[in-house]
Amino acid sequence: MPLIREIIAATLAADGTPHLAPLGLIAGDDDGRRWIAAPFHPSTTLANLRAVPELVANYVDDVRIFAGCLTGRRDFPLLAADHVRPPRLASALAHAELRVVAIEEDEARPRFHCETVHEASHAPFRGFNRAQAAVIEAAILVSRRHLLPPETIAEEMRRLRVAVSKTAGPREATAWEWLTMALGVDCK
């Protein structure tokens, strides 16, 4: 199994419009310099990577950003990146700027092989709680609701709800509510 980092990808459309989306970056090497972005077809991230073959990997601990991107809440402050055109999240704890160096075409999920051109840290990482991990897993379910049977999603959400009910702070509770509303599942 490859290492996958759950990040918020910032990409640019051909007209310069920024787009934020959760994305699992696949490790392309052992030293963290090469990554593979494999967005599903069709998606805005895929179209943007074809138009502007660069992305910013934003490392965040505020899971509202994952949930917000999947539920129509994308108005998060952005700042200019240092070496690529897509911006970075102002609230990112760290970010990596990536350039596409090769593309493996695939009908479902083309693979954009990327090289890290710049990395920066902006704030300390103080660790995750179980609710944050549960929200990220729920966000993945929301992003794949067109691929998974409803009963599978409902069963997973019931399981994840335990961690949220035991360890969530206000940010995690809000993110959980957004995701459960998107799925039509009771979040209590």
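At what angle do the axes of helix α4 and helix α5 cross? In this predicted model, in which local features need pLDDT of at least 70, side-chain atom pairs count only at pLDDT 80 or more, and totals for chains, interfaces and linings use all residues, the axes of α4 (residues 150-167) and α5 (residues 170-183) cross at roughly 165° and come within 12 Å. Residues are numbered from 1 along each chain as its sequence is written, and side-chain values use heavy atoms, with hydrogens and water left out. Helices (H or I, at least four residues) and strands (E, at least two) are DSSP runs numbered from the N terminus.

**Helix packing**

- Two packed helices are described by the angle between their axes and the distance between the axes. Here the axes are lines fitted to C-alpha atoms, for helices over the stretch in contact, and angles run from 0 to 180 degrees between N-to-C directions.
- The crossing angle makes α4 roughly antiparallel to α5. Angles over 145 degrees count as roughly antiparallel, under 35 as roughly parallel, 65 to 115 as roughly perpendicular and the rest as oblique.
- The α4 and α5 crossing is left-handed, a term for a near helix turned anticlockwise from the far one by less than a right angle, with clockwise being right-handed.
- On the α4 side the contact (heavy atoms within 4.5 Å) is made by Ile153, Met157, Leu160, Arg161 and Val164, and on the α5 side by Trp176, Thr180 and Leu183.
- Six nonpolar, one polar and one charged residues form the contact of α4 with α5. In this classification Ala, Val, Leu, Ile, Met, Phe, Trp, Tyr, Cys and Pro are nonpolar, Asp, Glu, Lys and Arg are charged, and the others, Gly among them, are polar.
- Helices α3 and α4 have axes 8 Å apart and pack at an angle of about 155°, which makes α3 roughly antiparallel to α4. Their crossing is left-handed.
- From α3, Arg130, Ala131, Ala134, Glu137, Ala138 and Leu141 meet α4 residues that include Ile153, Met157, Leu160 and Val164. The contact of α3 with α4 has nine nonpolar, one polar and four charged residues.
- The axes of α3 and α5 cross at roughly 20° and come within 10 Å, and that makes α3 roughly parallel to α5. This crossing is left-handed.
- In the α3 and α5 contact, the α3 residues are Ala131, Gln132, Ala134, Val135, Ala138, Ala139 and Val142, and the α5 residues are Glu172, Ala175, Trp176, Leu179 and Leu183. By class there are 10 nonpolar, one polar and one charged residues in the contact of α3 with α5.

**Pockets**

- The largest pocket holds about 740 Å³ of space. On a 1 Å grid over the protein atoms alone, a pocket is an open set of points where a 1.4 Å probe fits, with protein on both sides within 12 Å along at least five of seven lines, and lining residues have an atom within 4 Å of a point. Grid points are joined across faces, edges and corners, and a volume is the space filled by probe spheres set on the points.
- The largest pocket is lined by 29 residues, of which Pro22, Phe40, Leu70, Ser143 and Arg144 are the closest to its centre.
- At least two lining residues of the largest pocket come from each of β1 (4-12), β2 (18-27), α1 (44-51), α2 (64-70) and α3 (130-143). Strand β2 gives the most, with six residues.
- The lining of the largest pocket comprises 16 nonpolar, eight polar and five charged residues.
- About 350 Å³ is the volume of the second largest pocket. Of its 17 lining residues, Arg5, Glu6, Val60, Phe128 and Ile136 are the closest to its centre.
- For the second largest pocket, β1, β4 (54-59) and α3 each supply at least two lining residues. Its lining divides into 12 nonpolar, one polar and four charged residues.

**Individual residues**

- Phe76 lies in the loop between α2 and β5 (78-79). Beyond its neighbours within four places in sequence, Phe76 is in contact with Leu20, Arg64, Ile65, Gly68 and Leu89.
- A cis peptide bond with omega of about -5° joins His41 and Pro42. Pro42 is placed in the loop between β3 (34-37) and α1.
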